[in-house]
Amino acid sequence: MNKTIVFALIFGLVVVYGCAPSQMTFEKGVKKINELDKKYGSSLKSPPNSTDKTTGLVAELNNFKSANENLPESLRYLMDFRIKSLEAEKLNAEGWQWGKASTTEFGFGCNKGYARIIESAGLRNASASKGFEAVELLQKFIDSYPEEAASLDLSQRDVLSLKAAFFQEGEKAERDARIIRSLCKEQANQTG
């Protein structure tokens, strides 16, 4: 009878252990992120090719993050960076929805162009701000977890290039807003 009880106890522990949620590791999390990237045709360094896909990927990353409360800090930094950078990419794409008419570089008319360029500049400026948040998270990830960052081919070079790209994006957006406000005073006064 003792053998039966011991066997039942061991079997019960195996079943309970097998059914218990497994601890999320950095490697498992990266594998999941890579699966999602493959699904959306993106990678850690390049976004999906449409705003709809970007929105879907951000939603799935957020769902994954919220379903796993005890993520390792390294994975949380990586996911937060990824989510913020995708949000920045989406805002940037929305800021260019009118193509060349989204900027003052190729000419513009005040009557039709003012509202469009002001909106575009606002979206691109918001993108740059969100991008700087992403860069800050990437910097923390690289500083705190250099081995994990190196395993993903993320380095200080990525931080610097992203920082420069978001800086230029914000500068161009500010320049467009400044130019259109100064040259289209009537429209600027109408909108307040």
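**Pocket close-ups**

By class, eight nonpolar, three polar and four charged residues make up the lining of the largest pocket. The model shown in these views is predicted.

**View 1. The largest pocket of the predicted model holds about 200 Å³ of space.** Its lining counts 15 residues. Closest to the pocket centre are Leu-44, Lys-45, Ser-46, Phe-81 and Leu-162.

**View 2. Helices α4 and α7 in the lining of the largest pocket.** Helix α4 spans 73–95 and α7 spans 156–183. Each supplies at least two lining residues. The largest share is from α4, with five residues.

View 3. Two or more of its lining residues come from each of α4 and α7. Here α7 gives the largest share, five residues.

**View 4. Residues that line the second largest pocket.** The lining consists of Glu-89, Asn-92, Trp-96, Arg-124, Leu-162, Ala-165, Phe-166, Glu-169 and Lys-172. By class, four are nonpolar, one is polar and four are charged.

View 5. The largest share of the lining comes from α4 in the largest pocket and from α7 in the second largest pocket.

Conventions. Residues are numbered from 1 along each chain as its sequence is written. This is a predicted model: local features need pLDDT of at least 70, side-chain atom pairs count only at pLDDT 80 or more; totals for chains, interfaces and linings use all residues. Side-chain values use heavy atoms; hydrogens and water are left out. On a 1 Å grid over the protein atoms alone, a cavity is a set of points where a 1.4 Å probe fits but cannot get out, and a pocket is an open set with protein on both sides within 12 Å along at least five of seven lines; lining residues have an atom within 4 Å of a point. Grid points are joined across faces, edges and corners, and a volume is the space filled by probe spheres set on the points. Helices (H or I, at least four residues) and strands (E, at least two) are DSSP runs, numbered from the N terminus. Ala, Val, Leu, Ile, Met, Phe, Trp, Tyr, Cys and Pro count as nonpolar, Asp, Glu, Lys and Arg as charged, and the others, Gly among them, as polar.
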